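Subject: Structure handover

Hello,

Please find the structure below. My notes on what was found in it follow.

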Amino acid sequence: MFGKPIGIAMILLGLVQCRGGGDSPAVEEPGAKAVGQASAGGVAEREVSALFDESRGGAPREIQLPPPDTDGGRPLMQALKKRRSERSFSERPLPPRVVSELLWATAGVNRPDRGLRTAPTARNWQEIDLYVATVSGLWRYEPERHALSFVHGRDIRAETGLQDFVGAVPLTLIFVADKGKMGDNTELRKSFYAGADSAFMAQNAYLYCASEGLATVVRAYLDPDELAAAMNVKPPREVTLAQSIGYPAK
Ligand SMILES: Cc1cc2nc3c(=O)[nH]c(=O)nc-3n(C[C@H](O)[C@H](O)[C@H](O)COP(=O)(O)O)c2cc1C
């Protein structure tokens, strides 16, 4: 964990628009050593560089998210009234508070004593991993710690779907089912449960976006194999859905 989690989170969230500078194309599993390196330059870029450099020690690198405000937001009926899909986004980055609350709403632990989540899963398998793609790279949400673990430093947003807008949206959620957690079921049943469980999470994200005035659209129009390769996700883990999230275009 970092000494300045909020500052690092702001970098993650793209408040620093540091695209270039030799991010590594290599893909690493969460918690593995990172191999990328950001360009030298301004303070912000040096911080990004430090973020990458820290990983070289081999320690798992995590960004601790600020606690979500679980007493805020619009009343449920108002959020339902506003829930919709939008495909025009501002490139304005999301602040850490919003990312924290979005991730908690989508996949967070709401009953810590039992490790249960804001979204239901069949047999409580909790088989859907939630990934976050931003300009700064790919991260995995760790619900138990309400943290993000670094996967790799490549911007793969354009690879998360087959529609033109997807590459410029500040934050993309990617839902990945670990079918290895789904017991002795047929592939068909596993796919059904994985789709259902992903969709519950996506609807949570929709409702948070409606509450917070964000634009979002859940997306199945993607190349799951290409996206899995960009994420270094391998069987029995499979991409189910993606979801673009940002402020609405003016
Ligand atoms: C499983 C699922 C997959 C979807 N895939 C896409 C997609 O790939 N691209 C897209 O633009 N919208 C996608 N949508 C959004 C639908 O087009 C949208 O929900 C529908 O048009 C109704 O609009 P509304 O969400 O505003 O009510 C998807 C929705 C669902 C439930």
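Which residue in strand 6 is the bridge partner of Tyr141? It is Leu148. Strands here, like helices, are DSSP runs numbered from the N terminus (H or I over at least four residues for helices, E over at least two for strands).

Two remarks on conventions. Residues are numbered from 1 along each chain as its sequence is written. The model is predicted, so local features need pLDDT of at least 70 and side-chain atom pairs count only at pLDDT 80 or more, while totals for chains, interfaces and linings use all residues.

Overall

The protein has six helices and nine strands. Of its 250 residues, 44% are buried; a residue is buried if 20 or more other C-beta atoms lie within 10 Å of its own, exposed if 12 or fewer, and partly exposed in between, with C-beta atoms placed from the backbone. Taking contacts between residues at least 6 apart in sequence, 72% join residues at least 24 apart. Two residues are in contact if their C-beta atoms, placed from the backbone, lie within 7 Å.

Seven strands make up an open sheet, ordered 1-6-5-4-7-9-8, with antiparallel pairing. Two strands pair if DSSP finds at least two bridges between them. Strand 1 (62–64) and strand 8 (215–219) are the edge strands, each pairing on one side only. From one strand to the next the twist averages 25°. Angles run from 0 to 180 degrees between N-to-C directions, and axes are lines fitted to C-alpha atoms, for helices over the stretch in contact.

Glu62 has Ser149 of strand 6 as its bridge partner, and Gln64 stands opposite Ala147 in strand 6. Strand 6 also pairs with strand 5, in the antiparallel sense, over five bridges. Five of the six residues of strand 6 are buried, leaving the strand mostly covered.

Ala215 stands opposite Gly246 of strand 9. Strand 8 is largely enclosed by the rest of the structure, because four of its five residues are buried.

Helix 4 has twelve residues and spans 16 Å from its first C-alpha to its last, close to the 16 Å expected at 1.5 Å a residue; the expected span is 1.5 Å times one less than the number of residues. Eleven of the twelve residues of helix 4 are buried, including Pro96, Leu103 and Trp104.

Helix 4 against helix 5

Two packed helices are described by the angle between their axes and the distance between the axes. The axes of helix 4 and helix 5 (residues 187–212) come within 7 Å and cross at roughly 145°. On the helix 4 side the contact is made by Val98, Glu101, Leu102, Ala105, Thr106 and Ala107, and on the helix 5 side by Met201, Asn204, Ala205, Tyr208 and Glu212. These contact residues divide into seven nonpolar, two polar and two charged (Ala, Val, Leu, Ile, Met, Phe, Trp, Tyr, Cys and Pro count as nonpolar, Asp, Glu, Lys and Arg as charged, and the others, Gly among them, as polar).

Most residues other than glycine have a negative phi, and most peptide bonds are trans. Asn124, in the loop between strand 3 (116–117) and strand 4, has a positive phi of about 50° although it is not a glycine. Asn124 is exposed, with 11 other C-beta atoms within 10 Å.

His146 lies in the loop between strand 5 and strand 6, a hairpin with four residues between the strands. Phi of His146 is positive, near 45°. His146 counts as partly exposed, with 18 C-beta neighbours inside 10 Å.

A cis peptide bond joins Pro235 and Pro236, with omega about 10°. Pro236 is in the loop between helix 6 and strand 9.

Regards
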